[in-house]
Amino acid sequence: MDKYQIPYTNLCIRKFSERFGLSLSEAFAYLYKFGGMKFLVEFYDIEHTLPIEDTVEELMQTCADAGGHIK
């Protein structure tokens, strides 16, 4: 695991929670349940090179595709 992966993942969770008005624990639970956390781990090599807003959008879409309902 890259030494920057954990801080980057934390940033993504924080930005996701801010975007949708969730607590950090609610955001993590949602991302975990609907595959967002798996997405961040699997595609870290690509995602960390993109603007964080793009990653939040992709997390939203990934979770929606898995049955999540936050919009």
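Phe 43 is found in the loop between α3 (36-42) and α4 (44-47); helices here are DSSP runs of H or I with at least four residues, numbered from the N terminus. A word on the ground rules: this is a predicted model, in which local features need pLDDT of at least 70 and side-chain atom pairs count only at pLDDT 80 or more, while totals for chains, interfaces and linings use all residues. Residues are numbered from 1 along each chain as its sequence is written, and side-chain values use heavy atoms, with hydrogens and water left out.

Is Phe 43 buried, exposed or partly exposed? With a relative accessible area of 33%, Phe 43 is partly exposed (buried means under 20% relative accessible area, exposed over 50%, and partly exposed in between, using a 1.4 Å probe and protein chains only). Together with Ile 46 and Leu 50, Phe 43 makes a nonpolar surface patch of about 240 Å². Such a patch takes residues with over 30% relative accessible area and no salt bridge, joining nonpolar side chains (Val, Leu, Ile, Met, Phe, Trp, Tyr) within 5 Å, and like charges within 9 Å. The areas come from the Shrake-Rupley method with a 1.4 Å probe.

Now to the charged side chains. How many salt bridges does a search of the whole structure find? There are two, each with a side-chain nitrogen of Lys or Arg within 4 Å of a carboxyl oxygen of Asp or Glu.

| Salt bridge | N to O distance |
|---|---|
| Glu 18 and Lys 15 | 3.7 Å |
| Arg 19 and Glu 57 | 2.5 Å |

Glu 18 and Lys 15 are separated by about one helical turn because they sit three residues apart in helix α1 (residues 5-20). Glu 18 is exposed at 51% relative accessible area, whereas Lys 15 is partly exposed at 32%. The other pair ties together parts that are 38 residues apart in sequence, because Arg 19 lies in helix α1 and Glu 57 in helix α5 (residues 52-65). Arg 19 counts as partly exposed at 43% relative accessibility, and Glu 57 counts as partly exposed at 35%.

Finally, the cysteines. A search of the whole structure finds zero disulfides, the term standing for a pair of cysteine sulfur atoms within 2.5 Å. Cys 12 is buried, with a relative accessible area of 0%, and Cys 63 is buried with a value of 0%.

Technical notes:
Helix = DSSP H or I, 4+ residues; strand = E, 2+ residues; numbered from the N terminus.
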